[in-house]
Amino acid sequence: MADSLLGPAEIRELAARLGVAPTKKLGQNFLHDPNTIRRIVAAAGLRADDVALEVGPGLGSLTLGLVGAVRHVHAVEIDPTLAAALPETVTAPHLTVHQADALRVRGDRFDPAPTMLVANLPYNVAVPVVLSLLAELPTLRGGLVMVQKEVADRLVAGPGSKVYGVPSVKLAWYAEAKSAGKVPPAVFWPVPNVDSGLVAFTRREPPADAVRTEVFAVIDAAFAQRRKTLRAALAGWAGGADRAEQVLRAAGVSPQARGEALTVGEFAAIAAAAKVSVPGGKLTPTDVEPEEVDS
């Protein structure tokens with residue numbers, strides 16, 4: 001089956017044979033349109049020597065498209081039944097299947113090291129998965145992911161946009177992102193009640209001399225109360241509104257601005273200014289990223 005793409009009939013037949021029913025808990029919507037598969041593979045900008053990382057391969061629709069385009073494919077699937085069946089559907093020697101949670105995989109698990117993330121991501125964990133993999137896999141040069149259209153809009157939003165928020169800024173730390181088009185519900189089984197969107201991204205260097213956990217702590221604080229000015233929103237993080245204002249002015253940012261107006265570089269400048277201008281306070285970096293999906 002590895003030499004042809006799966007259509008609706010093949011998807012349903014395969015699912016029936018495996019006794020698999022898509023579950024909402026795992027965010028499973030199986031892609032069954034060969035033209036959409038070809039479109040995703042083409043839009044990803046893959047090179048023949050790339051190593052693709054696919055998360056949530058499901059029944060193997062996109063996997064079949066990827067194995068014909070790259071040197072190696074790593075497929076990470078949390079469902080043990082689907083993970084066990086994938087090598088029978090995609091009989092390519094350069095496919096490695098990992099039965100694992102993508103939010104918990106570590107970089108040393110993959111050999112060869114992935115260079116591109118290409119995936120139809122489960123809607124319920126899309127943003128955390130992208131951010132986690134970019135943090136864990138510095139070898140990724142970019143990728144293309146399909147997510148819920150609303151989430152895609154947030155990921156590619158720029159400062160000043162109504163949907164610009166935590167996902168937008170955190171992705172901007174790692175990469176430059178852009179929209180690569182919309183995908184209609186009809187190409188999935190079961191049919192979701194929302195459109196999907198394609199997000200293409202290219203890795204770039206993060207702001208110079210910035211510590212990710214420190215910058216992300218500022219981002220989380222700024223958007224936790226996004227309608228407040230930064231002077232007020234960052235008061236808890238800084239140890240008081242006056243200290244927050246001092247840090248902001250040192251960073252060259254107006255205390256009256258709001259988080260939705262700032263670039264990732266400006267958030268990095270605030271984190272840097274805090275270390276220089278404000279001793280004490282509550283400026284403790286955290287590894288916790290509580291607001292991965294901005295509400």
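Student: Is Thr229 buried or exposed?

Tutor: First, this is a predicted model, where local features need pLDDT of at least 70, side-chain atom pairs count only at pLDDT 80 or more, and totals for chains, interfaces and linings use all residues. Residues are numbered from 1 along each chain as its sequence is written, and side-chain values use heavy atoms, with hydrogens and water left out. A residue is buried under 20% relative accessible area, exposed over 50%, and partly exposed in between, using a 1.4 Å probe and protein chains only. Thr229 has a relative accessible area of 18%, so Thr229 is buried.

Student: Where does Thr229 lie, and which residues does it touch, not counting those up to four places away in sequence?

Tutor: Helices (H or I, at least four residues) and strands (E, at least two) are DSSP runs, numbered from the N terminus. Thr229 belongs to the loop between α8 and α9 (230–233). Contact means heavy atoms within 4.5 Å. Setting aside residues up to four places away in sequence, Thr229 touches Pro255, Gln256, Ala257 and Arg258.

Student: What separation do the C-alpha atoms of Gln256 and Thr229 have?

Tutor: Gln256 sits in another loop, the one between α11 (241–251) and α12 (264–277). Along the chain, Gln256 and Thr229 are 27 residues apart.

Student: Which residues have the most contacts inside the largest nonpolar core?

Tutor: A nonpolar core is a set of buried Ala, Val, Leu, Ile, Met, Phe, Trp, Tyr and Cys residues joined through side-chain atoms within 4.5 Å. The largest one here holds 61 residues. Those with the most contacts inside this core are Leu234, Trp237 and Ile270.

Student: At what angle do helix α5 and helix α7 pack, and are they roughly parallel or antiparallel?

Tutor: Axes are lines fitted to C-alpha atoms, for helices over the stretch in contact, and angles run from 0 to 180 degrees between N-to-C directions. Angles under 35 degrees count as roughly parallel, over 145 as roughly antiparallel, 65 to 115 as roughly perpendicular and the rest as oblique. Helix α5 (residues 126–136) and helix α7 (residues 166–174) have axes 10 Å apart and pack at an angle of about 20°. That makes α5, relative to α7, roughly parallel.

Student: Which residues of α5 and α7 meet?

Tutor: Several residues of α5 are buried, including Val127, Val130, Leu131 and Leu134. Val127, Val130, Leu131, Leu134 and Ala135 are the ones in α5 that meet α7. Their partners in α7 are Pro167, Lys170, Leu171 and Tyr174.

Student: Are α7 and α8 roughly parallel or antiparallel?

Tutor: The axes of α7 and α8 come within 10 Å. They cross at roughly 160°. That makes α7, relative to α8, roughly antiparallel.
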